[in-house]
Protein chains: 2
Amino acid sequence: MAGTRRKRKARTPRNALYAQSGGATAVVNATACGVIEAARAAQGRIGRLYAARDGILGALHEDLIDTSRESAAAVRALRATPGAAFGSCRYKLKGLEADHDKYARLVEVLRAHDIGWFFYNGGNDSADTTLKLSQISARMGYPLAAIGVPKTIDNDLVGTDCCPGFGSAAKYVATSIREAALDVASMASTSTRVFVLEVMGRHAGWLTAACGLAAAHAGDAPHLLLFPELLFDEARFLDRVKRTVERVGYCVIAVSEGLRDAQGAFLAEQGSVDAFGHRQLGGVAPLIAHLVQARLGYKQHWAVADYLQRAARHIASKTDLEQAYALGRAAVRLGLAGRNAVIPVIERVSTRPYRWRIGVARLETVANRERRLPRRFIGADGFNITPACRRYLAPLIEGEAPPPFRDGLPAYVQLRKAPVRRRLRSAFRA
Amino acid sequence: MAGTRRKRKARTPRNALYAQSGGATAVVNATACGVIEAARAAQGRIGRLYAARDGILGALHEDLIDTSRESAAAVRALRATPGAAFGSCRYKLKGLEADHDKYARLVEVLRAHDIGWFFYNGGNDSADTTLKLSQISARMGYPLAAIGVPKTIDNDLVGTDCCPGFGSAAKYVATSIREAALDVASMASTSTRVFVLEVMGRHAGWLTAACGLAAAHAGDAPHLLLFPELLFDEARFLDRVKRTVERVGYCVIAVSEGLRDAQGAFLAEQGSVDAFGHRQLGGVAPLIAHLVQARLGYKQHWAVADYLQRAARHIASKTDLEQAYALGRAAVRLGLAGRNAVIPVIERVSTRPYRWRIGVARLETVANRERRLPRRFIGADGFNITPACRRYLAPLIEGEAPPPFRDGLPAYVQLRKAPVRRRLRSAFRA
């Protein structure tokens with residue numbers, strides 16, 4: 001019986017597994033589309049392409065989805081759908097020793113479904129997991145190509161010129177702050193003088209910097225950017241706000257959720273207490289806005305975009321979308337070429353005109369590292385971006401690629417997500 | 001000398017004045033475009049069209065802008081530019097007796113510039129001011145057609161089927177909550193379970209209701225809407241959140257900034273204290289999110305869209321845009337027809353297919369009244385909208401009309417705003 005099964009397997013191509021990891025983006029499903037379409041095109045060389053439900057957890061729990069049950073139209077529609085269509089998770093595996101049982105379990109699941117390729121779509125944590133999986137499968141004598149696929153709105157992966165997901169979030173925040181600034185400018189003589197928009201990026205100020213793209217000319221909003229890379233200097237900040245309001249009539253500010261005080265502590269975690277008596281975490285925009293009102297007396301408004309900025313497929317960057325899709329296809333291509341422990345990346349060929357191509361990085365050069373905004377991208381005063389930063393960012397938000405609309409709203413696809421029959425008797429215990 | 005001037009005036013057509021009032025919207029400039037284009041088309045009957053800088057304040061201060069100095073292309077581009085291009089203000093005039101000097105000053109300014117038509121683009125306060133101005137000018141023997149033009153994202157004007165500005169804000173909030181919900185759904189197994197989006201509408205739940213449009217099928221997000229028309233029932237709310245998470249895996253909530261507690265007090269004004277020790281006003285979304293976390297233990301995220309929702313020209317409703325423009329043209333048409341103390345409104349001819357036409361209402365039927373969300377538009381449980389509400393709202397967000405993009409961002413026009421030479425020696429003293 002076992003012999004028969006092995007014989008049959010030898011004739012049929014091995015299967016592949018795709019998983020999404022960490023925070024969703026506006027275009028991570030475009031990467032999924034690229035992986036699925038490339039795997040379908042490789043019929044005869046790749047058997048079935050499965051997707052893990054809710055990221056690596058689905059792999060651990062042997063909770064797999066058969067992507068071959070999705071129609072070509074549904075797969076295509078993934079390009080226009082935000083979120084992580086197969087589910088994602090925040091679940092970091094530790095080192096090979098500390099989490100040995102989990103890695104062994106992953107190999108057990110991969111073996112049960114004859115997975116020859118594992119495509120893991122995430123940030124630097126995921127690159128680390130992918131790398132370790134390639135190592136343990138080799139050690140256990142299980143042949144596997146473990147390939148990373150980049151994704152993060154934080155743009156903080158090393159080894160790539162930019163990260164899919166970032167360009168769309170950048171386009172959203174720059175558009176939003178430009179629009180809100182026009183509103184503030186309309187009313188500043190009698191109403192709101194200071195507007196604060198909070199953006200994501202706890203450790204890296206790439207999205208804060210992207211807000212600066214909205215200021216096409218000197219004096220344009222946003223007037224101040226507060227980066228997580230620089231400690232908050234209250235006195236200098238208030239002085240700049242005051243001078244801006246006196247000069248322009250109003251002041252528009254973008255602040256990173258990860259802004260830290262002079263002692264290096266996150267401002268948003270300094271425990272305000274709300275009306276229900278709960279300690280309030282998050283929300284640095286209201287803190288900054290109220291500081292301005294209390295010290296300078298200006299009427300303020302603030303916004304916290306939160307998930308809106310990373311889910312805003314309706315205003316996605318076409319460049320970002322194309323790169324996300326291309327990276328998905330490239331991952332499969334690398335797998336078919338027999339590569340292991342690598343990740344396709346974006347290489348910038350030229351900035352004007354903008355040209356890019358797909359390159360390859362080894363996972364060990366990417367895993368667990370974080371690329372912050374370089375100091376040369378932040379203006380000398382610490383409140384703005386430099387021309388070099390603008391040149392870097394500008395192409396990443398280029399182009400529009402709106403989703404289809406139905407009844408006035410973006411029409412997003414819902415997949416069937418047909419489960420793959422389990423082959424293991426044992427369940428995963430975390 | 002005086003005789004000569006009067007004689008010359010008798011031969012030249014009288015001028016017109018346009019002013020924007022209150023909060024800006026994504027399409028109030030489309031109304032401005034309609035007014036300007038219609039006035040230009042009426043050359044020979046209307047002299048120059050001026051705009052008051054910063055709304056009624058510009059009229060009081062004799063701070064006027066000559067719209068004839070704007071190019072046809074710039075005027076056309078107003079259709080695609082959010083904010084209030086000529087400036088707006090929050091400045092409510094009281095009754096004719098209490099604020100007699102201000103009304104008299106307005107008539108003095110209008111007389112100095114031979115204004116025969118005053119078009120005031122705002123909400124119910126502005127309708128009141130326009131009405132009073134028509135009354136005092138008649139009393140003072142100054143011939144004036146005072147005409148309102150509707151505008152408010154709150155959709156709370158009576159006498160019109162809907163208000164320009166609302167449809168676009170509605171499309172923005174429904175799109176945003178649909179997108180964010182996909183993100184939450186992706187991660188709910190290990191991360192955020194409850195997401196709260198705060199929307200505008202302090203007294204009327206029209207925008208809260210609009211979020212409900214994102215739920216196309218039963219079980220779709222948003223799962224709960226918290227209306228300003230109903231007092232917040234904490235126990236019932238928490239029970240519904242818990243049951244939703246247990247059934248669907250996550251819960252997405254839209255909350256009005258004007259949600260009130262069991263005693264009728266605004267929740268957002270219950271004075272939380274932030275890290276700087278300031279009393280914190282505004283932000284009901286964080287309150288609700290933290291309540292859920294504290295009582296039910298679910299991880300939460302929240303967003304406050306604030307001005308983003310009323311400035312989001314990039315996702316404006318085409319229906320809304322067309323109505324805003326048409327109302328601007330209609331106001332001029334009414335003026336040319338010799339009407340006074342009226343306001344053009346939207347009349348719904350049919351819902352399926354959606355057909356509308358311009359009607360006329362007398363200002364006295366509109367001024368100072370507020371249209372709340374009718375109870376029959378709120379589901380029996382108080383947390384959702386009814387099919388009747390959905391039928392009413394659906395056509396208002398129909399159609400897309402994106403602005404032009406340049407360098408990846410919406411390209412918005414900046415007007416010249418050439419000042420009109422002052423004719424009065426006296427300054428306005430508030």
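Helices (H or I, at least four residues) and strands (E, at least two) are DSSP runs, numbered from the N terminus. The peptide bond that leads from A:R352 into A:P353 is cis, with omega near 0 degrees. In chain B, the bond from B:R352 to B:P353 is likewise cis, with omega near 0 degrees, and B:P353 is placed in the loop between β12 (342-350) and β13 (355-362) of chain B. The model is a predicted one, in which local features need pLDDT of at least 70 and side-chain atom pairs count only at pLDDT 80 or more, while totals for chains, interfaces and linings use all residues. Residues are numbered from 1 along each chain as its sequence is written, and chains are lettered from A and ligands numbered from 1 in the order in which they are written.

Two further backbone features of chain B deserve a look. Most residues other than glycine have a negative phi, and most peptide bonds are trans. B:D54, however, has a positive phi, near 60 degrees; this residue belongs to the loop between β2 (49-52) and α3 (56-60) of chain B. B:D54 counts as buried because it has 25 C-beta neighbours inside 10 Å. Here a residue is buried if 20 or more other C-beta atoms lie within 10 Å of its own, exposed if 12 or fewer, and partly exposed in between, with C-beta atoms placed from the backbone. B:A341 also has a positive phi near 60 degrees, and is found in the loop between α12 (318-336) and β12 of chain B. With 21 C-beta neighbours inside 10 Å, B:A341 counts as buried.

The strands of chain A come next. Strand β1 (residues 15-20) of chain A has six of its six residues buried, so this strand is largely enclosed by the rest of the structure. In a regular strand the side chains alternate between the two faces of the sheet. In β1(A), residues A:N15, A:L17 and A:A19 point one way, and A:A16, A:Y18 and A:Q20 point the other way. Strand pairing requires that DSSP finds at least two bridges between the two strands. β1(A) pairs in the parallel sense with strand β4 (residues 115-122) of chain A over six bridges, and A:L17 stands opposite A:F118 of β4(A). Strand β2 (residues 49-52) of chain A runs parallel to β1(A) and is joined to it by three bridges; there, A:L17 has A:Y50 as its bridge partner. From β1(A), the chain passes through helix α2 (residues 28-41) of chain A to reach β2(A), in a β-α-β crossover that is right-handed. Right-handed means that, with the strands pointing away from the viewer, the path from the first strand over the helix to the second runs clockwise.

In chain B, seven of the eight residues of strand β4 (residues 115-122) are buried. This strand is joined by six bridges to strand β1 (residues 15-20) of chain B, the two running parallel, and B:A16 is found opposite B:W117 of β4(B). β4(B) also pairs in the parallel sense with strand β5 (residues 145-150) of chain B, over six bridges, where B:F118 has B:A146 as its bridge partner. A right-handed β-α-β unit is made by β4(B), helix α6 (residues 124-139) of chain B and β5(B).

Finally, the two chains meet in a contact that takes 72 residues from chain B and 72 residues from chain A, where residues are in contact if their C-beta atoms, placed from the backbone, lie within 7 Å. On the chain B side, α7(B) gives the largest share, 13 residues. The chain B side divides into 38 nonpolar, 21 polar and 13 charged residues; Ala, Val, Leu, Ile, Met, Phe, Trp, Tyr, Cys and Pro count as nonpolar, Asp, Glu, Lys and Arg as charged, and the others, Gly among them, as polar. Of the interface residues of chain B, 100% are also interface residues in chain A, so the copies meet through the same surface.
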